[in-house]
Amino acid sequence: MKKIIAKDKNIIIGKMLRNAALGIILMEISGAVTYIIDGIMTSRFLGDSALAATGIASVSYTILAIISGIISAGGQKICCGEIGSGKKQQANNTFSMVIFITAVISIIVSVLGIIFSGSLASLMGADASYTSLYNNTTDYIRGFFIGAPGHIFVAVLIPLAQLNGSNKLITASIVTLTISDILGDIINVTVLNWGLFGMGLATSISYYLSAAVLVLSFISKKSLFKFSTKKICFENFRPMLRIGMPRATKRIGNFLRPFFINRLILFAGSGIAMASFTVQQNIRYLAESVGVGIGGGIFLIVGIFLGEKDINSLIIASKKAIRYITFFVGGLAILYFVLSPVLSMLYLDTKSQSYDGAVMVLRCHAVSLPFLAFNEYYINLLQAEEKIKLTNIVTLMNKLVYIVILSFILVYPFGTNGLWLSIPLSEILLTATIILANGIKNRKNPRRKGFFSLFDDVDIMQGNQLEFVIHSKEEFKEVQKRVIDFCEILEIDKKTSYMIQLFFEEVVMLIIDHGFNNKKEYNINIRIYKDKEEIILRTKDNCRAFSAKEQDEMFAKIDRNEYLGISMVTKMAKKVDYINIMNINNFIISI
């Protein structure tokens, strides 16, 4: 039976993980592609000085990424936990707070960025004595920071839209972002001739358009989240900042790393090696997008399952993520390794002195991808469990410490090849550290399921629960006695026990009659568990969602006692909730 449950839950959880990862992957790919195209357009039409200015001004992306990362990660984790616990109203309060904070902070950042664009340009390295470089950098920063609210809102809204199940809108927003940025660049260089200010402005407009598409998800009647100024509650503001801080640590690590690595490259191989490394830096985020997406996806759904206190789903999601990393990222790494010469040719002539170095660094990067994906996954898992100090430590080890140390060690005996080797070796070393440390930490844990078990110390009671998956009314009849027997274990009186059994029977009939059709296989996951002094009854299915009208009609029938079991149980319930999250229906009763 356990194998059947795991198989059926795999279908639902696999769908949730794929949907959660897909939006992040598309966002990463879009950002990488637009960055590459912006660089090509700037270089071809505005010259090398303009390209250098955009390189200096790229720190602006880091500034916005730090801000949006904190708000996005912290906000979505709190919302996921509240949704998983069935606290729909609290999740809406948090959503309203996140939107309000995002609007206020992004407007302030935009105004400050525009006003102090010259100071920022100088701070980023564009000295005023180099007039052309300074002016170009200042112009780009001004155009770019006009769009700061758009940038930040896109990063914040995408994971929340994923919870809404708005995958088509997410895809549409990413396509809108990419196409509008490309068209904006073309119009700027061929018609308007606004220089780098126009390039920055084109990027800003594209993010505003992308954000506008995402907003459609939240004004829909089906939206899980509804913004209201009356629902803004700042109790979760500090927890949001604390939980989101590792995203800032990651960006800061990515920002500081080039200061060390670039100097070592110039020391070991001068400008030739730097040109090789630049090729890898241009392709880097595109190649890493799948691994980053899986990590972001696990962060999203683990937050939900922690709120549900569902250890079995956590384990299935974990195994599913590892499988995706092994097959999808592993396959991508092999393809990347094989195509490294072709990718290098996009940037460098095969006769160039930098060509062989570019092939070498790309292949080293390809080898690192599966390990990088695992490390991203683990960091996101720690952050979802709110182990913030440990998350910050592992993030810095991943993004800065290990690669810098290995680069210093390997550069002297092996030159630039040693620097390239430090890319995969740093990721491999961190993966080994994670597995070894986790195994040692849990070696005496009685709940340990293996040498490496990520959830051995998760505070979730694994006993006192009954779970099964059914696909028809007939299958439920076969497990009715198990429900009654389990209620006896929980010392529930016979009358209440009968009502709970009848409740599940009626809910199953309601789901089957409402959502089943012959087009696909559906699964209804039923779970009963004890949480402190409360008994939680939960159904989860991948059928068609209840519309707002259908929800009202259903609860009206319950009020009229047309569903006797549901009516009796809901009358004794402390809380009743229906939530559709990521296109999965959840019906939660707490008694």
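**Cavity lining**

I looked up the lining of the largest cavity in this predicted model and found that, by class, it has 8 nonpolar, 8 polar and 4 charged residues. For these classes I counted Ala, Val, Leu, Ile, Met, Phe, Trp, Tyr, Cys and Pro as nonpolar, Asp, Glu, Lys and Arg as charged, and the others, Gly among them, as polar. A cavity here is a set of points, on a 1 Å grid over the protein atoms alone, where a 1.4 Å probe fits but cannot get out, and lining residues have an atom within 4 Å of a point. I noted that grid points are joined across faces, edges and corners, and that a volume is the space filled by probe spheres set on the points.

About 220 Å³ of space lies in the largest cavity, and of the 20 residues that line it, the closest to its centre are Arg257, Gln280, Gln281, Ile403 and Ile423. The elements giving two or more residues to this lining are α10 (237-287), α13 (355-384), α14 (388-414) and α15 (416-441), and α10 gives the most, with 8 residues. Helices (H or I, at least four residues) and strands (E, at least two) are DSSP runs, numbered from the N terminus. I counted 5 cavities of 30 Å³ or more.

**Ground rules**

I number residues from 1 along each chain as its sequence is written, and side-chain values use heavy atoms, with hydrogens and water left out. Since the model is predicted, local features need pLDDT of at least 70 and side-chain atom pairs count only at pLDDT 80 or more, while totals for chains, interfaces and linings use all residues.

**Salt bridges**

I then searched for salt bridges (a side-chain nitrogen of Lys or Arg within 4 Å of a carboxyl oxygen of Asp or Glu), and the count comes to 9. The side chains of Glu308 and Lys540 meet in one of them, at 2.8 Å from N to O. This pair links distant parts of the chain, with Glu308 in helix α11 (residues 289-308) and Lys540 in strand β3 (residues 534-541), 232 residues apart. Both Glu308 and Lys540 are buried, where buried means under 20% relative accessible area, exposed over 50%, and partly exposed in between (1.4 Å probe, protein chains only).

In a further salt bridge, the closest N and O atoms of Glu376 and Lys399 are 2.9 Å apart; Glu376 is in helix α13 and Lys399 in helix α14, 23 residues apart, and both residues are buried.

**The loop between α13 and α14**

Where does Glu386 lie? I found Glu386 in the loop between α13 and α14, where it is partly exposed because its relative accessible area is 31%. Glu386 is linked with Lys77 and Arg242 in a network of salt bridges, and its phi is near 65°, a positive value in a residue other than glycine. I remind myself that most residues other than glycine have a negative phi.

**Trp420**

Is Trp420 buried or exposed? Trp420, which is found in helix α15, is buried because its relative accessible area is 2%. The C-alpha atoms of Trp420 and Val361 are separated by 5.2 Å, although these residues are 59 residues apart along the chain.

Note on methods
On a 1 Å grid over the protein atoms alone, a cavity is a set of points where a 1.4 Å probe fits but cannot get out, and a pocket is an open set with protein on both sides within 12 Å along at least five of seven lines; lining residues have an atom within 4 Å of a point.
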